[in-house]
Structure formats: structure tokens, C-alpha cells
Amino acid sequence: VLLIGSSNALIGFDRGIEILRAGGSALDAVEAVTRVVEDNPEDHTVGYGGIPNLEGVVELDASIMEGATHQAGCVGGLRGYRAAITVARAVMERLPHVLVVGEGAARLAAEIGLAEEEMLSPEAEHIWRDGIEGRLDKSSALANMAAAVAGLRTPPVDAEIDAGTVDVIAQDGQRRIVSAVSTSGWGWKYPGRLGDTPVLGAGNWCDDRHGAAACTGLGELAVRAGTARSAVEAMARGAGAPDAAKAALEDLRLLEPPAGASMNVVVVKADGTHAAGSLSAGATYAVWEAEMAAGELRPRVHVPLS
Ligand code: ASP
């Protein structure tokens, strides 16, 4: 069994490995790990306590994908509920659909018995206000949001706060792979903006024949390049996991990303080998292999864009 993910997933890995070691499914494992991160108020990029959109409303995106049959569920712009990954799983298991957004996503959350709550934590509200006051003229921001968001197109000042997401990929005892991604998206985003997280092929792709990949970073890039799928396609053509991560990130050159833009991908090959890549130096990813006593952070391959 195997669990890998973005570094911020590590806090939930005990839960996931417990499920996998007890013979549970990769599907249950990735959901459980993601829920721990969604519950973490200190993570301002996922679930409760995420940085809100420009209007101060937290909107979550998530996706979950099974490698065996490409069964998948995605939600976008979910308001009022923290467990976005569980709602994505409900889309996959209870609806004949793949992607549900906004009011419909919230309705489904209520139907499966999740509790509605205020998602803006006091701390996230502070960060949001600081950002509005420090970086935008508030009156013009709220009157002309398009202009305000365009003003934020330069890479966010503090990548730790403005951008982030959780990726979790598990392979269970039956060698089934499932990938999950959950995010509050780009802080101060235009209301209704969706990034790569709920878009299959962009932020999340899973295929038991070849492997799986999931992204964090400037989602617009992964949407335009189909980054998660391009990593898996590289493995389908015979690449190892590190080369697949590298190829998917090198493919972003065509897009001429803004200087300092972030994009990161974690990759598992069907044989259980894994790697991760980042446009940024010094980045890490989380790993818990079957024989390990605890999960740990490992370095990502650095793929500079120029
Ligand atoms: N990829 C996420 C998005 O674009 C944000 C991030 O990972 O930083 O919504």
C-alpha cells in the first residue's frame, strides 16, 4: 500500500495508512486524509479556514477519481460546507453526473447530512481584510471586481497564503489507485472562479493502467495545459514517475507563465513508484510507503521554466 500527497497532507496520513493496512480501499483512505486537512483551521488553502474570494466568501473546489474505471466526482464553488471531498464523492456515487457546482453542490451536501456552517474563520477573515486593504483599493475592488482581480494577476505576494491545495493519492492492497484534490482556490479570486482542482485532466487524473497525478499551484496553468493528464500520458508512453513529473511541468513553457508562478505535481506510477515536481526550488511532498513507520517529506524534482 502507498500514500503520497502534497506536504500539507501529511497531518492526515496516519488515518489513511490505518485504513489501507486494515485492508480498506484507496477510496476511503484518500477521503479520510483529505477530511483531516479540510478540518485543519491552520491550513488557509483547504476547507474550513480557507482564504475567501474577493467578496469574503469561502468557495471550495474538490475532485476524486478512481483509476480502475475513471469513475469520478467533482464539485466547484461549494459554499457553507467544509467537506468538499465528501461532496465530490457523493457526486460520483449518488448522481449520474461528474461535476456539480454552486447551489447544487450545497444542496447535495445537505442531502447527505453534512452540517452547514460559516466557513470563514476569524483568522482567514483577518488575512482577507489585510489583503484587501494592503493590496487593493477596497471601494474600487468591490465595485469593479474584474479590475481588482486583474490587479492580482501578478503572482501572489505570499504563496503560502494565497495559493495552496491538498493532493492525496493512495494505492491499496488490491493495487487500485484513487486520487483526491481539495482546495479553497486562489485567495481573493473572482467569485465563481474554478481552478484546476475540479477539472479532470487538469488538477487530477487517475488511471490504474498507468498511474495518477495531482496538482497544486496556479490552477489556470494546469487547466490550460491539462497537466495531471499529461503526466499520466507520459507514463503511458513508458516514462518513470520523475520523468513524467518533469515532462508535465516542462510542457508549461508554451504558456509563458508569469515570473514566479507556482505549479507542482505529485505522480504515482502503476507499479507503485512515485515522484513529485515543482517549478519552485526546495519544495517537498509527503510519502508513506508500506514498510515505513511514519510518513515523511521528500524533495520534489525542481523543474525551472527557463
Ligand atoms: N490549484 C489551486 C487553484 O488554482 C490553488 C493552489 O493549489 O494554489 O485553485
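**View 1. Glutamate 256 in its loop.** Let us start with glutamate 256, which lies in the loop between α11 (241-250) and β9 (263-269) of this predicted model. Phi of glutamate 256 is near 45°, a positive value in a residue other than glycine. Most residues other than glycine have a negative phi. With a relative accessibility of 69%, glutamate 256 counts as exposed.

**View 2. Tryptophan 188, a buried loop residue with positive phi.** Here is another loop position: tryptophan 188 sits between β6 (177-183) and β7 (204-207). Its phi is near 65°, again a positive value in a residue that is not glycine. Is tryptophan 188 buried or exposed? Tryptophan 188 is buried, and its relative accessible area is 2%.

**View 3. The whole chain, for orientation.** Stepping back for a moment, the protein chain is built from 11 helices and 13 strands. Its radius of gyration is 18 Å, close to the 19 Å that the globule rule gives for 306 residues, so the chain is as compact as a globular protein of that length. The C-alpha trace spans about 55 × 50 × 35 Å along its principal axes. Of the 306 residues, 57% count as buried. Among contacts with a separation of 6 or more, 67% come from residues 24 or more positions apart. The accessible surface comes to about 12,300 Å², and 51% of that surface belongs to carbon and sulfur atoms. As for charge, the chain carries 25 positive and 41 negative side chains, and the centres of the two sets lie 4 Å apart.

**View 4. Leucine 3 and the nonpolar cores.** In soluble globular proteins, nonpolar side chains tend to be buried together. In this model the largest nonpolar core has 91 residues, and Leu3, Ile64 and Val267 are those with the most contacts inside it. A second, separate core of 7 residues includes Leu54, Ile132, Met145 and Trp188. Back at leucine 3, and leaving aside residues up to four places away in sequence, the residues it touches include Phe13, Ile17, Leu20 and Val33.

**View 5. Helix α3 under cover.** How many of the 11 residues of helix α3 (residues 84-94) are buried? The helix is mostly covered, with 9 of them buried. These are Ala84, Ile85, Thr86, Val87, Ala88, Arg89, Ala90, Val91 and Met92. The elements that cover them include the helices α2 (26-39) and α4, together with the strands β2 (60-66), β3 (72-78), β4 (99-101) and β6.

**View 6. Glycine 102 in helix α4.** One of the elements covering α3 is α4, and glycine 102 is found in that helix. Glycine 102 is partly exposed, with a relative accessible area of 23%. Setting aside residues up to four places away in sequence, glycine 102 touches Gly76 and Gly77. Its C-alpha atom is separated by 31 Å from that of glycine 211, which is 109 residues away along the chain.

**View 7. Serine 121 between two helices.** Our last stop is serine 121, placed in the loop between α4 (102-111) and α5 (122-135). Serine 121 is buried, and its relative accessible area is 4%. Which residues does serine 121 touch, not counting those up to four places away in sequence? They are His44, Tyr48 and Gly49.

Key: Residues are numbered from 1 along each chain as its sequence is written. This is a predicted model: local features need pLDDT of at least 70, side-chain atom pairs count only at pLDDT 80 or more; totals for chains, interfaces and linings use all residues. Side-chain values use heavy atoms; hydrogens and water are left out. Helices (H or I, at least four residues) and strands (E, at least two) are DSSP runs, numbered from the N terminus. The radius of gyration is taken over C-alpha atoms; the globule rule is 2.2 Å times the number of residues to the power 0.38. Buried means under 20% relative accessible area, exposed over 50%, partly exposed in between (1.4 Å probe, protein chains only). Contact means heavy atoms within 4.5 Å. Accessible areas come from the Shrake-Rupley method with a 1.4 Å probe; for residues, only the protein chains shown count as cover. Lys and Arg count as positive and Asp and Glu as negative; His and the chain ends are not counted. The place of a charge is taken as NZ of Lys, CZ of Arg, CG of Asp or CD of Glu. A nonpolar core is a set of buried Ala, Val, Leu, Ile, Met, Phe, Trp, Tyr and Cys residues joined through side-chain atoms within 4.5 Å.
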